[in-house]
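Some notes on this model follow, as numbered points. Please read them with the structure open.

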Amino acid sequence: MPACSPAELEARLRLHFIAELGPKRFARLIAAFGDAASALSAPASAWRALGLPASCAEQRRDASIRLHAEQAMAWLEADGNHLLMWDSPDYPALLAELPDAPPLLYVSGDLSLLERPQLAMVGSRRASHVGLDNAHAFARCLAAGGFVVTSGLALGIDGAAHAGALAAGGGTVAVLGTGLRQLYPRRHQALARRIVEQGGALVSELPLDCAPQAANFPRRNRIISGLSLGVLVVEASPSSGSLITARLAAEQGREVYAIPGSIHHPGARGCHELIRQGATLVENVEHILEGLRGWQVSTQAVPQATGTAQAKHPLLDLLVASPLTSEALAVLSGRPLPALLAELTELEIDGLVSCEEGRWSCRR
C-alpha cells in the first residue's frame, strides 16, 4: 500500500477514473494543488485555469466515480493485490523516468518483481512454430540468467515468453491492455492465473473493470518497454504492434534486440527492419547477456538458446537456413518424394519440424 491516508488514496482513485485525465494532466493537478484531495475540492475555474477541459471538472462529482474508487479500495484488501503510486518508494525506478509514467499501477502478484532487472519479449500474435519455440527457449534462458521476462499476455510470442519463464522457475510480468478484472485474451486466463500462482505478477494502469479497447494496447506498450532494460523482438511483420514497443524502447534509451529469420518469411521482415535501423542482431542468448552482465542476479549456469534448431538429421540441415517446400527438399536432398514425405512425417511426429502454408521448417 502507498504511504498516504485513505482519504488521499480515494481522491487519487477518483482522479484516475476521470476519462480525459491522462498521466500528464494528473501530474499537472498534483503539482498545482499539492495532493489529490485538494485538487478534487478546488473550484472548476481553477481546473480550467490549468488548461483542463470543463468535462474533467464535471466528472469528479459523478456518483459512478465514487463507486469505482470504493470498489478499487475493496479490491486492495485481498491478498496479493497492490496499488502503486508514482511517488511510492516501491514504484519501478525505470518506469518513473518516463514523461508519461502511469500515476497509478494496479498489481496482482509478487510486487518485488518490478524492482528486479527485466527484459521485455514481444512479437507477432500469429507467430510461426519456429517463432514460438524461439520465444519459449529465449525466455527460459533469460529467466535462468536471473532476469524477469516481461510481456503483454497476448497470443503468440507473448504467451510463449511467459510460459518459457515459468518453465524455468523464473519470474514473469504481464502488462495488460485491460483492467485486471477483465483479462484478455480469454484464451490466456489460465496462463494469467499460472503467472500469479507461480510467483509472477499482472500489471495494468487501467481501471480494474476496463474492457478491451483497441487504443489501450499500443498505450500499454510504453509500460512494457519502460519497465525493462531492453526489448527483444522475436518475430514481427512490418505492421506488427511489436515494432511500436521497439520504437518506444529506443526513445526511452533502452536496448533493442531482434532475432533474424528467413528472407522468405513475412514474420521476419519486421525484425530485419529493426536490425537495419540499429537493433542488435541476436542469434543466441549470450548476445543479450554479454551487455547486461552487471544486472544479472543469479549465478546459475545459463542454458543456451539459439535462433535455429540443432541439426540431428540431414533434412534438418537443409531446413535450418529457411523453410522449404517438399519439392524443393526433394531436389536438394536427392531423395524420392514419397520417401522424403515419410521422413518428414516422422520428424513432425517427433516435434522436430512443422509445415505451414506448404513449407517445412525446423522446430527446437
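1. Where does Ala-214 lie? Ala-214 is in the loop that runs between strand E6 (201-204) and helix H11 (216-226); helices (H or I, at least four residues) and strands (E, at least two) are DSSP runs, numbered from the N terminus. Ala-214 counts as exposed, at 69% relative accessibility. The cut-offs are under 20% relative accessible area for buried, over 50% for exposed and partly exposed in between (1.4 Å probe, protein chains only). From Ala-214 to Val-122 the separation is 92 residues in sequence and 18 Å in space, C-alpha to C-alpha.

2. On the basis of the values: this is a predicted model, in which local features need pLDDT of at least 70, side-chain atom pairs count only at pLDDT 80 or more, and totals for chains, interfaces and linings use all residues. Residues are numbered from 1 along each chain as its sequence is written, and side-chain values use heavy atoms, with hydrogens and water left out.

3. The disulfide count is zero, taking a disulfide as a pair of cysteine sulfur atoms within 2.5 Å. For Cys-210, the nearest cysteine sulfur is that of Cys-56, 16 Å away. Cys-210 is buried, with a relative accessible area of 12%.

4. Cys-271 is buried at 0% relative accessible area. The closest cysteine sulfur to that of Cys-271 is in Cys-141, 18 Å away, which is too far for a bond.
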